[in-house]
2 protein chains.
Amino acid sequence: MNKTISELGEIKLIERLLSKRDDKLSDINPQILASYHDDAAIELNTSTYTVISTDMLIEHSHFPKEMTHYQMGEKIVTVNVSDILSMNATPTSIVISMALNPSMTLQEFDDMIDGILHKCEEYGITLIGGDLNQNDEIILSATAMGKINKNIKLQSNTNNNDLIAITGELGSPAAGLDLLNSNEKIDIPNNEEQKIIKTILEPNLPIKESKYFQKYPELISSMTDITDGLAAELGHLREKNPELGFEIEFDKIPFNSYLPHVAKQFNKSLNYYLLHFGEEFELLLTINEKEYLKHEKELDDLIYIIGKVNTSKNLTLIKGNSIENIEARGYEHLK
Amino acid sequence: MNKTISELGEIKLIERLLSKRDDKLSDINPQILASYHDDAAIELNTSTYTVISTDMLIEHSHFPKEMTHYQMGEKIVTVNVSDILSMNATPTSIVISMALNPSMTLQEFDDMIDGILHKCEEYGITLIGGDLNQNDEIILSATAMGKINKNIKLQSNTNNNDLIAITGELGSPAAGLDLLNSNEKIDIPNNEEQKIIKTILEPNLPIKESKYFQKYPELISSMTDITDGLAAELGHLREKNPELGFEIEFDKIPFNSYLPHVAKQFNKSLNYYLLHFGEEFELLLTINEKEYLKHEKELDDLIYIIGKVNTSKNLTLIKGNSIENIEARGYEHLK
């Protein structure tokens with residue numbers, strides 16, 4: 001298996017990929033399966049709406065050098081499905097275009113495909129199409145599709161007095177990247193260091209939480225993922241609801257208890273880790289308080305309430321007795 | 001307008017793009033338009049099937065240095081919509097991810113977006129989503145969607161005795177690329193040289209022909225575009241119909257009359273230009289002969305009959321009195 005992919009070439013590589021994929025497909029309509037091997041894939045429309053989102057990952061920007069090919073494959077599926085969950089839709093399928101270096105080994109290619117197919121299985125979706133190209137750096141570009149009948153969660157549907165909630169801890173991807181890029185040993189327990197790093201190398205989606213929201217869509221007024229960082233996402237919400245303000249209580253944001261220590265070691269502020277870095281695949285949602293109270297017990301296992309919507313038109317952070325403004329700043333490409 | 005895109009950055013560039021796009025959208029449902037500015041786009045399902053295809057273009061492989069940014073924008077839409085037409089579906093929408101160099105000028109960015117939006121308008125589709133990234137080389141990756149109720153044209157539906165037809169001249173993209181890459185002046189009329197080069201810089205889709213096929217789907221047994229070259233596409237058809245053979249009459253293949261001269265100048269064979277290069281966006285279709293006779297008059301303006309399906313299990317080319325085998329070879333990445 002020290003063969004490189006150039007020994008096989010595009011045609012045999014696609015055959016290899018499709019055969020791995022087809023092994024996972026049973027009970028599929030033969031005409032639909034045939035379309036997955038044709039010019040374009042067809043999908044039977046069984047819902048009122050199709051939900052579509054696209055995201056591209058480029059080696060030098062999105063894949064730390066420690067990331068395995070399996071993890072790269074997982075990540076391209078995760079980042080794309082994340083946007084489908086953000087609309088409260090059920091993900092159904094994905095197409096993935098890849099540009100690969102001819103010197104990539106066949107083992108690395110297989111690992112990448114296995115990572116893709118593993119996440120497709122976890123999220124209950126099918127890889128239905130793609131394109132294969134040649135490039136020095138690895139580029140993965142995908143489009144995920146989902147279905148929904150009604151109750152689409154647009155960011156513009158946020159209401160005054162809604163609770164602001166997130167589905168999990170923030171800040172670890174930022175800290176994880178610093179830990180990966182550092183040569184010095186940081187004095188935190190090894191298992192905690194690995195847990196923090198894992199959030200950047202193997203991001204997960206809040207699938208259990210999403211399924212609950214899909215079951216009770218009346219709970220949620222608006223939803224988004226936090227890939228640009230909490231501050232930037234709150235900024236998007238304010239842009240789409242210009243009459244509203246968003247107040248976050250710092251003490252209610254959940255994070256790994258070693259983050260303050262890691263931040264200090266790297267001369268970063270904890271605020272930067274928690275608010276301004278992003279690469280987080282937790283969901284940020286606004287909830288009607290009355291609806292929340294009806295589901296309080298179940299929701300307490302699924303979400304963290306971190307603030308409340310008001311009419312201040314500002315993004316504010318309560319820290320003890322002080323209130324500071326949050327700058328709606330996150331990572332920006334091409335700047 | 002000598003500003004570079006890095007002076008604006010991702011957020012303002014996306015705003016600029018969306019504002020150009022929104023100017024072209026009228027009469028759209030406000031909730032659906034809002035979703036085009038949200039995590040994922042939603043589409044109302046008005047057909048039985050959604051048809052989906054994806055294609056990536058990378059500067060060094062797919063954009064000759066003479067290609068303008070406007071033409072690059074046009075091309076990413078054309079190559080993706082081509083696969084939707086190949087299924088005899090009506091294209092509806094597209095998402096496009098772009099990776100751009102920070103030093104790109106704002107004028108070049110605007111030109112690229114204008115090229116994208118121009119082709120969207122020509123094909124009657126909407127740009128509904130995308131992603132913006134940073135890279136040295138330009139990378140454009142898109143996914144096109146279409147709709148169809150029935151009569152999907154799978155390559156595996158080809159029948160014995162069907163006529164083989166194409167929608168237009170072959171070979172010019174191959175010759176056009178040679179002309180672009182050459183420093184010497186080839187002695188053919190300037191307007192013919194420009195016509196040949198235009199097929200590589202500004203490929204067009206057979207829209208009029210597609211509309212006719214969508215109106216009379218019973219005409220066609222199978223269909224595909226010719227992006228891998230006629231020989232490779234016939235090879236795909238044979239793979240999917242292993243009991244069939246495909247016989248092409250060389251004299252019936254339409255091509256620009258200056259191609260033999262150009263091929264000779266570049267020491268290429270006319271066969272290579274016509275059969276093995278690709279980058280062609282004409283459609284290759286198989287037609288039931290009885291159905292053809294019912295529509296003969298209209299079809300004679302739309303297609304060229306170039307051969308016939310048989311049961312030889314071979315790909316053969318009739319040239320005068322001789323018959324030669326066609327090797328199912330086209331351009332292959334990563335080899």
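Visitor: Which residues point one way from β9(A), which the other way, and are they buried or exposed?

Guide: In this predicted model, E280(A), E282(A), L284(A) and T286(A) point one way from β9(A), F281(A), L283(A), L285(A) and I287(A) point the other way, and all are buried, where buried means under 20% relative accessible area, partly exposed lies in between, and exposed means over 50%, with a 1.4 Å probe and protein chains only. In a regular strand the side chains alternate between the two faces of the sheet.

Visitor: Why is strand β9 of chain A called largely enclosed by the rest of the structure?

Guide: Eight of the eight residues of β9 (residues 280–287) are buried, so the strand is largely enclosed; strands here are DSSP runs of E with at least two residues, numbered from the N terminus.

Visitor: What makes β6 and β9 of chain A a pair?

Guide: Two strands pair if DSSP finds at least two bridges between them, and β6 (residues 163–166) meets β9(A) over four bridges in the antiparallel sense, with T286(A) as the bridge partner of I164(A). Strand β7 (residues 220–226) of chain A is joined to β9(A) by six bridges, also antiparallel, and there I226(A) has E280(A) as its bridge partner.

Visitor: How many residues of chain A score at least 70 in pLDDT?

Guide: The share is 100%, with an average of 95 for chain A, on the predictor's per-residue confidence scale from 0 to 100. Local features need a pLDDT of at least 70, and side-chain atom pairs count only at 80 or more. Residues are numbered from 1 along each chain as its sequence is written.

Methods: Chains lettered and ligands numbered in written order. Heavy atoms only, no water.
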